[in-house]
Amino acid sequence: MRLTILDIQRMKRRGERIPMVTAYDYTSAQIVDRAGIPLILVGDTLAMVMLGHPTTLPVSLDEMLHHIRAVVRGSQQALVVGDLPFLTYTTVEQAVHSAGRVLQETGAQAVKLEGGTSVAPTVQRLVELGIPVMGHIGFTPQSVNQMGVRVQGKRAGRARQLIEDALALQQAGVFSLVLELVPAELAHAITARLRIPTIGIGAGSGCDGQVQVWHDMLGLYTDFVPRHARRYATLADTIATALQQYATDVREGTFPTLEHSSSMDAQELQAALASLDEQ
Ligand code: KIV
């Protein structure tokens, strides 16, 4: 049985910390489910880590839908949240159309969108229509051209604004809220003021849950680890070693062996070759 937003909210009430991870395809989603992680985000980070763009901005709704579908097919237990990409929720009507497509065309259970008080009316309408919404404040990557990549809320004015954003989003009906690149003390203060769970990334340990990007935490880059990520594996190295070994085996003729091949009756081959010779 798939988890619901009620299960996720119950985790906060019980004081259970909530792990969340991004996934972008069928196979990864199967692995997330096997690991018992309750929340999958098909994030618009896929623009960067899967499609090679410099920011999240270029990914389209159709591209998102393609990946969200695969993740839903690969998972049976985790609640799947699909990100609404840049400029797909600029009006309430457009947001209803975009979020509706995510739920109807992929089977995901919720959408995530970025922004504070200004998106509260949009959130409220989506929730009224039965579309669960996860909020996202602090550093919001779709506004990278305005804010740069930097911690948000170190000064009192912006910190207060983020608290107001969090309360407005809760009031509008988000079931959970991502806090990205926010000082740990502020994230803790926001978490304490909300009934809904906060999910941090670069926001300290005082959030109700944490989200990590698949490629960051599994070491799928060869060069770069963001400060907020912990590497739990170095899969890029593991994969490169496996590929080098494969290439060596092919070059040396040690792969494939009989166990990787099928065989035929010698007489059948003989008959085939003889019939060619007769022509
Ligand atoms: O798109 C994404 O992966 C995200 C997380 C970083 C929270 O929004």
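**Ligand site and aromatic pair**

In this predicted model, an oxygen atom of the ligand is 3.1 Å from an N or O atom in the side chain of Asp 83. For Thr 45, a polar side-chain atom is found 2.5 Å from an oxygen atom of the ligand, and for Lys 112 the distance from a polar side-chain atom to a ligand oxygen atom is 2.9 Å. The ligand exposes 260 Å² when taken alone, and 97% of that is buried by the protein.

Around the ligand are Thr 22, Leu 41, Gly 43, Asp 44, Thr 45, Asp 83, Lys 112, His 136, Glu 180, Ile 201 and Val 211. By class, this shell comprises three nonpolar, four polar and four charged residues.

With regard to aromatic side chains, the structure contains one aromatic pair. The ring centres of Tyr 246 and Phe 255 are 6.1 Å apart and the ring planes meet at 65°, so the arrangement is edge-to-face; planes over 60 degrees apart fall in that class. Tyr 246 has a relative accessible area of 48% and is therefore partly exposed, since the exposed class begins over 50%. Phe 255, at 34% relative accessibility, is likewise counted as partly exposed.

Conventions:
Residues numbered from 1 in each chain as written. Predicted model: local features only at pLDDT ≥ 70, side-chain atom pairs only at ≥ 80, totals over all residues. Heavy atoms only, no water. Near = heavy atom within 4 Å. Polar contact = N/O pair within 3.5 Å; in protein donor to acceptor, adjacent residues only side chain to side chain. Areas by Shrake-Rupley, 256 points an atom, 1.4 Å probe, with all protein chains shown as cover. Nonpolar A, V, L, I, M, F, W, Y, C, P; charged D, E, K, R; others polar. Phe/Tyr/Trp six-rings, centres within 6.5 Å; stacked < 30°, edge-to-face > 60°. Buried < 20%, exposed > 50% of the residue type's maximum accessible area, 1.4 Å probe, protein only.
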